[in-house]
Amino acid sequence: MFVINCPFCGEREHSEFKAGGEAHIVRPKQPTELSDDEWAEYLFMRKNIKGIQFERWNHAHGCRKWFNMVRDTSNDEIKAVYKMGEKPPIK
Amino acid sequence: MTKNLRVKTGKAIDETYRILFKFNGKTYYGFKGDTLSSALLANDVHLVGRSFKYHRPRGIMTAGSEEPNAIVQLHDKSSRTEPNVRATEVEIYDGLEASSQNCWPNVKFDIGGINNFLSPLLPAGFYYKTFMWPASFWKKYEYLIRKSAGLGKSPTEPDPDVYEHKYIHCDVLVIGSGISGIMAAKTAAKSGFKTLLVDEKPNLGGSTIYQNSDYFKINNQNSSSWLEKEINEIKKLKNLEIRIRTSVAAYHGYNFLLARENLTDHLPVEQRKDKTRHKLLKIRAKKVISATGSIERPMIFDNNDRPGILLSSAIKRYVDFFGVACGEKNILFTNNDSAYETAITLIQKGINIEAIVDNREEVDSKLLYEVEKNNIKIFKGYTVTDTFGYKRINKISIKQLSKDGQKVVGSKINLSCDCLGVSGGWTPAVHLFTQSGGKLKFREDDQVFIPSIYPSDQLSIGSCNGDFTLDEILINTPRSLKEFLNIKNTEYENLEVISSANKSKRNIWLLPSDKVLGKTKSFVDYQNDATAKDIKLALREGFRSIEHVKRYTTTGMGTDQGKLGNMHALGIISETAGAKMGELGTTTFRPPYTPLTFGTIVGRNVGEYFDIFRKTPIHNWHEKNKAEFENVGQWKRAWYYPKENENMHQAVQRESKAARESAGILDASTLGKIDIQGTDASEFLNRVYTNAWSKLAIGKCRYGLMLNEDGMVYDDGVTTRLGENRYIMTTTTGGAANVMGKLEDYLQTEWPELDVYLTSVTDHFATVSVCGPNSKKIVSEVIPDLDFSDESFPHMSFKNAKIGKINCRVMRISFTGEHSYEINIQSNYGKSVWEKCIEAGKEYNITPYGTETMHLLRAEKGFIIVGQDTDATMTPIDLQMDWIVSKKKYDFIGKRSLYRSDTIREDRKQLVGLLTEDPNEVLEEGAQIVADVNKSPIEMLGHITSSYYSPNLKKSIALGVVKGGKNMMGQKLIIPMEKKNINVTVADPVFLDKENKRLNA
């Protein structure tokens, strides 16, 4: 049960949030011009890292805003949260 | 006549208050303050249960929550009955009834005891090895095994008690109220931290609170008196909340902890009425201080499990705290100084000690000298090799240990006794620390695992951190607290401490015996009957990982989770396999620390509060008109309205006939409704639906299909253009929240440039749907001012209107294939509009219909239900809905996936209609569809997704998905059922009015 620092609302309980998978996967602007393999790369391929992972989260039972999170999956430490469109503060 | 083993001045006991209770049907008495175990011991009852596998007689072993043997059933056959309760934790009350578990016919004569003599035939893994073959016999084996397995009986009646959940936020949580916990709580609270102190016992003070000998002093006072003053002081602190009888069950990440506060279990049953039994505390603490103490280790020797064998510290607690002697001829067996503390207590209280057996050769210990002064024989460098006595220990054999501790030497000495206290040193209670993700390190000096790396803002102090002696605790605790709380001083600087215990220990995990190991029963896990022999066997058979050895031998898998013996199991594995303890690690400590009742876990979420349910504004009318309801997501929807003795089938046949022949009315308020506004609203719809939206005129409605990015159908519904930049979208009932989430996701993350705003208005509108050939007449009467002519108000269009003074939206849309209207009105007027329609429809026999009829009507028309006819593997092409997929649009969600190599396969499962050879034969939804039943294995082509008897078509109709079904029109297929094969023909999925004459009628 994390305490998550929503960039819009501040610290809230884990139960208010929904996880939304890997972050920084941009939807291709011209999907029709992609090969099956290229499209599959966008559609299906996700990392499953032990360590620092960039994730999307949604404050579903709060402000409904999506934002990004940097989390160490080995100990669940949240390294940073930042708004959509912003560059990750950690590499 | 039983003996009375009370000695005067038990600290916790009120001897003026007698309590009568029953154990195994016999009445005993104890005093207020007794636990069930102390009261039984006072009555000289040691034998309380039988072990799990061998049904060996077992007695009380400890005085705390670590108890493996003395687990009892409370109030058998009542609704409050509870199995697996530790007698050491039950506070007695008038009327308490407890009984032994795992024995038949009774604890003194147990048929299962024969397993003890058969034990050479029951090695580790016996069940795995024996009941493997023949496979077909498993059903018989299982019946017999299940009958003999399991401890205790679960209640069969509903739980009469009430449970609660409570959230607590605090700056500092202190777990455990022993001396270090009290120091921590006082320091934290006085330094301005909002502090919560919890302890699983009914009193504060841990074991120091009854430590009253001259060998342990603080500032020239007995350590117990010193601590008592501290406790009296902290009770006055405003910043400190104290919760007793509160056991922390789980320690999760981010300092989130679950604890169970026990509020009524110590009260007589008649006083529990209207009180909350347990509270599950959900604690979020900024800082956590674990002062969970340590658990005394038993020692592993032959027959170390007989009734009358207790932990030495438990004997001390029973004497000092409860005023109960555990025996009249006591022997203590130890490898460290702790047993001498017990001995001094026994001497003080005038209780006879026959002898002390100490593993160690020569020890310079003040405590030992004090005991020797009292002419008590101490066998130094000796070990117990065997014990005797079936239902109670009556004799032990001892022998001298060789110098290396690997063998026994010399001649055997027999000593008679009725109680044997053992002390194998102490194991820090690091369970919660490791649950939180903490890493342990192994301290070679005294062979203990202690906390090393903290995963969150927390601290372990006292003996759970490996500080076992009074001086260590009093020196290290203030130092740790200052650093942890970031404060300059504590009240505990420069204390004068006398702590006389010698710290030496001679740790031998498995004590040597004069017998070969195979002939011994040296129990490591008392509750599950796992012996040292079993562990060695597991290692011989090739198990190496401690987790595997644990599961194979069941060591540590009882309700006590091996709090006593796990370390010995590790030690034996380490010695046998030649691995270092530190590298071997421990098995995983999992929550809960002590068992929780289901009641505690569910709290108030029982019965009608189990889950939230949503009612439409018209719900009361449905109820009054005897509707049956079905759950759709969290909604309660009217399912059908049986008249008189109608069953569902009869009601649905009547309702659907009426809807087609005259008029039907449906409560469609549960459909998801999303208000979409913004200058890019049309563009947004273009991107989320498969069809085109830019050209939809204001006042028109359109059906839309929404895909996932993988091309599979996600949701559907009708969207209406209310204005230039405003739409109202409807979604499926169950999908509303997810669709809203998905649309928000795309808007916020992929297309932030779009000027679009979404608002969920599902609850704001009630929707009354009137359908059938007479629907126009009915709604015209309800809304007389509106022009309902087909020219002005054609199918798939919308108008604003007023009913009285109230605005409403009327859509001419249809999910049944009939001419129909949906009136959307502010929720609180929903019921009145519904009633107006019913009133106006009387002369047309307007018939309310539920979801079942709605499903039938739409199936006749071949309309899909997302989630029933689709299952996240269906594209619009698979549904034969190519018409709704725009070829012109450059992009929409899921478009690219519609021509992936997999989605363009011709032999994908496709939605088709199915007609049975016998028109009265109704297929079963979910039934398999095949072509050839003679070829084995039979190839499965698909399954039935919807199936009904249509009263309007007077035949059975079904929808199903079939591999390559699109090109199988007219082909014969077979539905193989248990008793017969049903012949079907592939048909068009639209069974009724393909030309839409009825819609436009």
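This is a predicted model: local features need pLDDT of at least 70, side-chain atom pairs count only at pLDDT 80 or more; totals for chains, interfaces and linings use all residues.
Two packed helices are described by the angle between their axes and the distance between the axes. In chain B, helix H5 (residues 179–190) and helix H6 (residues 223–234) pack at about 35°, and their axes are 10 Å apart. The crossing of H5(B) and H6(B) is left-handed. On the H5(B) side, the contact is made by Ile179(B), Ile182(B), Met183(B), Lys186(B) and Lys190(B), while H6(B) brings in Trp226(B), Leu227(B), Glu230(B), Ile231(B), Glu233(B) and Ile234(B). Sorted by class, that makes seven nonpolar and four charged residues, with no polar ones.

Aromatic rings turn up next, with 26 pairs counted over all chains. One of them links Phe2(A) and Tyr254(B): the ring centres sit 5.4 Å apart and the planes meet at 40°, so this pair counts as tilted. Phe2(A) comes in the segment before strand E1 (3–6) of chain A, and Tyr254(B) in the loop between strands E13 (246–252) and E14 (256–262) of chain B, so the pair joins two chains. Phe2(A) is buried at 7% relative accessible area, whereas Tyr254(B), at 25%, is partly exposed.

Tyr689(B) and Trp693(B) make a stacked pair, with 5.0 Å from centre to centre and 25° between the planes. Tyr689(B) is buried, with a relative accessible area of 1%, and Trp693(B) is buried too, at 0%. Elsewhere, Tyr210(B), Tyr318(B), Phe321(B) and Phe322(B) come together as one aromatic cluster.

Charged side chains also meet rings. Arg56(A) lies over the face of Trp66(A), 4.2 Å from the ring centre, and Arg272(B) lies over the face of Tyr93(B), at 5.0 Å from the ring centre.

How values were computed:
Residues are numbered from 1 along each chain as its sequence is written. Chains are lettered from A and ligands numbered from 1 in the order in which they are written. Side-chain values use heavy atoms; hydrogens and water are left out. Axes are lines fitted to C-alpha atoms, for helices over the stretch in contact, and angles run from 0 to 180 degrees between N-to-C directions. Helices (H or I, at least four residues) and strands (E, at least two) are DSSP runs, numbered from the N terminus. A crossing is left-handed if the near helix is turned anticlockwise from the far one by less than a right angle, and right-handed if clockwise. Contact means heavy atoms within 4.5 Å. Ala, Val, Leu, Ile, Met, Phe, Trp, Tyr, Cys and Pro count as nonpolar, Asp, Glu, Lys and Arg as charged, and the others, Gly among them, as polar. Rings of Phe, Tyr and Trp (its six-membered ring) pair if their centres lie within 6.5 Å; planes under 30 degrees apart count as stacked, over 60 as edge-to-face and the rest as tilted. Buried means under 20% relative accessible area, exposed over 50%, partly exposed in between (1.4 Å probe, protein chains only). A charge sits over a ring if NZ of Lys or CZ of Arg is within 6 Å of the ring centre and within 35 degrees of the ring normal.
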